[in-house]
Amino acid sequence: VGGGWGKDQRIGQLLFTGVPADEVAPLLRGLLTAYLQQRSSKEEFFVQFVNRKSVAELREMTKACALL
């Protein structure tokens, strides 16, 4: 997740590895739910949200919202 383009170029971070196929949708839903609940404002883009959070924070909030 993360990354960027233009003057804000950066390489994205690996959030999870080896995820079984049946857990992909819940994890994606968890990540998007965390974003919608915890973004700084309605104007904050997803890339801005994930770039201001650590990988550990993103993993924790994704798992919490995914309810795996």
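**Surface, fold and core**

Analyst: Val19 is partly exposed, with a relative accessible area of 30%. Partly exposed is the range between buried (under 20% relative accessible area) and exposed (over 50%), with a 1.4 Å probe and protein chains only.

User: What kind of model is this, and how are residues numbered?

Analyst: This is a predicted model, so local features need pLDDT of at least 70 and side-chain atom pairs count only at pLDDT 80 or more, while totals for chains, interfaces and linings use all residues. Residues are numbered from 1 along each chain as its sequence is written, and side-chain values use heavy atoms, with hydrogens and water left out.

User: OK, where does Val19 lie?

Analyst: In the segment before α1 (21-38). Helices are DSSP runs of H or I with at least four residues, strands are E runs of at least two, and both are numbered from the N terminus.

User: How many helices and strands are there?

Analyst: Three helices and zero strands, running α-α-α from the N terminus on. The chain's radius of gyration is 12 Å, close to the 11 Å that the globule rule gives for 68 residues, so the chain is as compact as a globular protein of that length. That radius is taken over C-alpha atoms, and the rule is 2.2 Å times the number of residues to the power 0.38.

User: And what does the C-alpha trace span?

Analyst: About 35 × 25 × 20 Å along its principal axes.

User: Switching to the inside: which residues form the largest nonpolar core?

Analyst: There are eight: Leu15, Leu31, Ala34, Tyr35, Phe49, Val50, Leu58 and Met61. α1, α2 (46-52) and α3 (55-66) each supply at least two of the core residues, and α1 gives the most, with three. A nonpolar core here is a set of buried Ala, Val, Leu, Ile, Met, Phe, Trp, Tyr and Cys residues joined through side-chain atoms within 4.5 Å.

User: What is Val50 in contact with, leaving aside neighbours within four places in sequence?

Analyst: Val1, Gly2 and Leu58. Contact means heavy atoms within 4.5 Å.

User: How about Thr62, buried or exposed?

Analyst: Thr62 counts as buried, at 1% relative accessibility. This residue is found in helix α3, and beyond its neighbours within four places in sequence, Thr62 is in contact with Leu15, Phe16, Leu27, Gly30 and Leu31.

User: Last one: what share of the 68 residues counts as buried?

Analyst: 25% of them.
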